[in-house]
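Student: I'd like to walk through this fold with you, one question at a time. Can we start with the strands?

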Amino acid sequence: MTGREQEGWGRRGAWGAASAPAAAREGRPAVVCPRFDGVGADGAPVRLGIMGGTFDPIHQGHLACAEQAREAFGLAGVVFVPTGRPAFKRDRAVTDGAVRLEMCRAAVAGNPAFAVSPLEVDRPGITYAVDTLRALRHHYPANVELFFIAGADAILSIARWHESAEVARLARFAAATRPGFEVTESFKEELASRGAFRVDYFEVTALAISSSYLRERAARGLSLRYLTPDPVREIIEARGLYRLEAPTTAAAVGGGKESPWTP
């Protein structure tokens, strides 16, 4: 974090403490998390990253992507929003939301620019990105610009998301590319043909890690050390997650390619 960023954090240090009363007075629900609920209260332009996903489990690739997006776009912070009942993962069991929240909180505990929101886990019913973004947009004043962090190779699926045009209106997209991934003109043209999506691209360090890979390793009794933060690994080991007897919830199920939030 730069000196300027540190100064900004010091100036906004009271955000969390004052957020809930301020939200109540203004009719805005305190829907995010104590650390970032008051972002933008001083009226200054600010950018906030939103990173959704099943995070089953969260791993170093997620964290590296969020940190590099924060640096690339000058984000005040990044809020990780674990999905509740993802519509696109109905054909496989997903670890209970409370456990995934616990893992996410353990993963980000050492980074003051990261926080975790229970917004989707606490919401009943199927999880849709548009509902979350509506709640966030209602919560934050207009001077807060929301950056939805996603993989560039998943961006073209946005048009298939529930109420995709509204998703495009509510947030800007920070699209992560891997080294060697070329954002061609035809790619941009196809995306533009699908709607008025505002997309900024940034390259992230190549880390060939996925949550499904970690689950497979855990199921085989192999080490997850250095693939996910130690506190997350310790939760997985202590709870025996991702083995046949691992605690899951039948209500939160799904499958297919993992992507931030639900298509």
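Student: Which residue is the bridge partner of Phe173 in S7?

Tutor: Quick caveat: this is a predicted model, where local features need pLDDT of at least 70, side-chain atom pairs count only at pLDDT 80 or more, and totals for chains, interfaces and linings use all residues. Residues are numbered from 1 along each chain as its sequence is written, and side-chain values use heavy atoms, with hydrogens and water left out. Strands here are DSSP runs of E with at least two residues, helices are runs of H or I with at least four, and both are numbered from the N terminus. S6 and strand S7 (residues 199–203) run parallel, joined by five bridges, and the partner of Phe173 in S7 is Val199.

Student: Why is S6 largely enclosed by the rest of the structure?

Tutor: Buried means under 20% relative accessible area, while exposed is over 50% and partly exposed lies in between, using a 1.4 Å probe and protein chains only. Strand S6 covers residues 172–177. It's largely enclosed because, of its six residues, the number buried is five.

Student: Which helix makes a right-handed β-α-β unit with S6 and S7?

Tutor: Right-handed means that, with the strands pointing away from the viewer, the path from the first strand over the helix to the second runs clockwise. S5, helix H7 (residues 164–170) and S6 make one such unit. For S6 and S7, the helix is H8 (residues 185–193).

Student: What are the edge strands of the open sheet of six strands?

Tutor: The order is S4-S2-S1-S5-S6-S7, with parallel pairing. An edge strand pairs on one side only, and that applies to S4 (114–116) and S7.

Student: What angle does the direction of helix H3 make with that of S7?

Tutor: Helix H3 (residues 60–73) packs on the sheet, and among the strands it touches are S1 and S2 (77–82); contact means heavy atoms within 4.5 Å. Axes are lines fitted to C-alpha atoms, for helices over the stretch in contact, and angles run from 0 to 180 degrees between N-to-C directions. For H3 and S7, that gives about 115°.

Student: How many disulfides does a search of the whole structure find?

Tutor: A disulfide needs a pair of cysteine sulfur atoms within 2.5 Å. Cys33 is buried at 5% relative accessible area, and Cys104 is buried at 0%. The disulfide search comes back with zero.

Key
Two strands pair if DSSP finds at least two bridges between them.
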